[in-house]
Amino acid sequence: MLDVRRLRLLRELAHRGTIAAVAEALAFSASAVSQQLTALEREAGVALLERTGRRVRLTPAAEKLVGHAEAVLARLELAESELAGARRSPAGPLRIGTFPSAARVLIPPALAALAVDCPELEPMVSEVDPAGVGDLLRSGELDVALVHDYDFVPPTAEPGIERQPLFAEAMHLAAPGSAHRQGGSDRLVDYRDQPWILATHGTLCHAMAIRACQAAGFTPRIRHRADDFDTVLALVAAGQGVALVPDLALLAPPPGVRLHRLPMSRRTAVAVREGASGHPAVAAFTSAVKQALPINLGCSHTS
């Protein structure tokens with residue numbers, strides 16, 4: 001019989017690429033991970049890893065086994081969700097991942113609602129970039145997360161991860177100037193000579209801005225890098241450049257910022273491990289987030 005815990009390690013190796021990365025993510029030593037994978041090879045009766053010096057590569061048999069492991073782990077998540085549903089109410093820790101603008105606008109009222117509706121639940125929030133959510137969910141560091149994607153950075157299917165769409169919001173070009181001032185353009189190419197304020201390299205927001213500008217025929221000249229949209233808008237108001245911002249960041253924009261709605265969208269979804277979407281705690285959190293959506297947000301709901 002194959003050990004489920006060892007299958008999880010093999011699945012993590014397939015996603016993370018190295019034994020060292022698996023060990024760091026799961027708080028094991030590298031030698032412990034190696035020993036467990038060696039034991040899994042004995043259980044399987046076939047070679048699962050090809051070792052070349054310090055590097056390892058999954059064999060074709062291991063790649064097939066990872067597919068089965070995904071199905072087994074998803075089934076176990078479903079079983080745990082059904083068992084949790086038999087209890088009186090959601091209880092215990094719920095590790096929540098979120099991106100900054102949702103953390104500021106949606107998470108506080110959602111947590112307040114959960115405190116009333118599910119008093120035995122213990123929500124624990126961490127700000128994370130959506131690009132790293134899959135690994136955090138699979139390793140168990142998160143139970144549920146709010147993630148987003150953009151028109152120019154669509155979501156990629158990740159094995160073992162489910163996404164439930166929540167809402168979509170428009171993107172805007174934020175430029176210095178009075179909100180009542182006439183003029184301005186909603187074409188990105190008209191801002192090609194302006195300094196730009198982008199998120200830090202490696203984030204989805206950074207990739208979105210770069211690709212949107214490249215699609216308009218230019219590469220933005222980056223002056224500032226900031227991930228917090230309040231900071232971005234303050235820099236725009238100070239005449240430091242232009243930026244792309246979503247509806248969620250514009251509930252109270254500062255004076256000195258002109259906004260031009262663009263034919264672009266950002267979409268937010270709830271991400272969980274496959275099989276866990278029906279878990280009562282996840283369902284309660286998702287419902288609370290939906291109730292927390294501001295009426296004046298200007299979003300078009302997708303579910």
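This is a predicted model: local features need pLDDT of at least 70, side-chain atom pairs count only at pLDDT 80 or more; totals for chains, interfaces and linings use all residues.
Two packed helices are described by the angle between their axes and the distance between the axes. For helix H2 (residues 19-26) and helix H3 (residues 30-44), the angle is about 110 degrees and the axes are 8 Å apart. Because angles of 65 to 115 degrees count as roughly perpendicular, H2 and H3 are roughly perpendicular to each other. On the H2 side the contact is formed by Ile19, Val22 and Ala23, and these meet Ala30, Val33, Ser34 and Leu37 of H3. Sorted by class, the contact of H2 with H3 comprises six nonpolar residues and one polar residue, with no charged residues.

Turning to the aromatic rings, the structure contains one aromatic pair. It is formed by tryptophan 196 and phenylalanine 218, whose ring centres lie 6.1 Å apart; the planes meet at 45 degrees, so the pair is tilted. Tryptophan 196 belongs to strand S7 (residues 195-198), while phenylalanine 218 sits in the loop between helix H8 (204-215) and strand S8 (221-225). The pair therefore ties together parts that are 22 residues apart in sequence. Both tryptophan 196 and phenylalanine 218 are buried.

Terms used
Residues are numbered from 1 along each chain as its sequence is written. Side-chain values use heavy atoms; hydrogens and water are left out. Axes are lines fitted to C-alpha atoms, for helices over the stretch in contact, and angles run from 0 to 180 degrees between N-to-C directions. Helices (H or I, at least four residues) and strands (E, at least two) are DSSP runs, numbered from the N terminus. Angles under 35 degrees count as roughly parallel, over 145 as roughly antiparallel, 65 to 115 as roughly perpendicular and the rest as oblique. Contact means heavy atoms within 4.5 Å. Ala, Val, Leu, Ile, Met, Phe, Trp, Tyr, Cys and Pro count as nonpolar, Asp, Glu, Lys and Arg as charged, and the others, Gly among them, as polar. Rings of Phe, Tyr and Trp (its six-membered ring) pair if their centres lie within 6.5 Å; planes under 30 degrees apart count as stacked, over 60 as edge-to-face and the rest as tilted. Buried means under 20% relative accessible area, exposed over 50%, partly exposed in between (1.4 Å probe, protein chains only).
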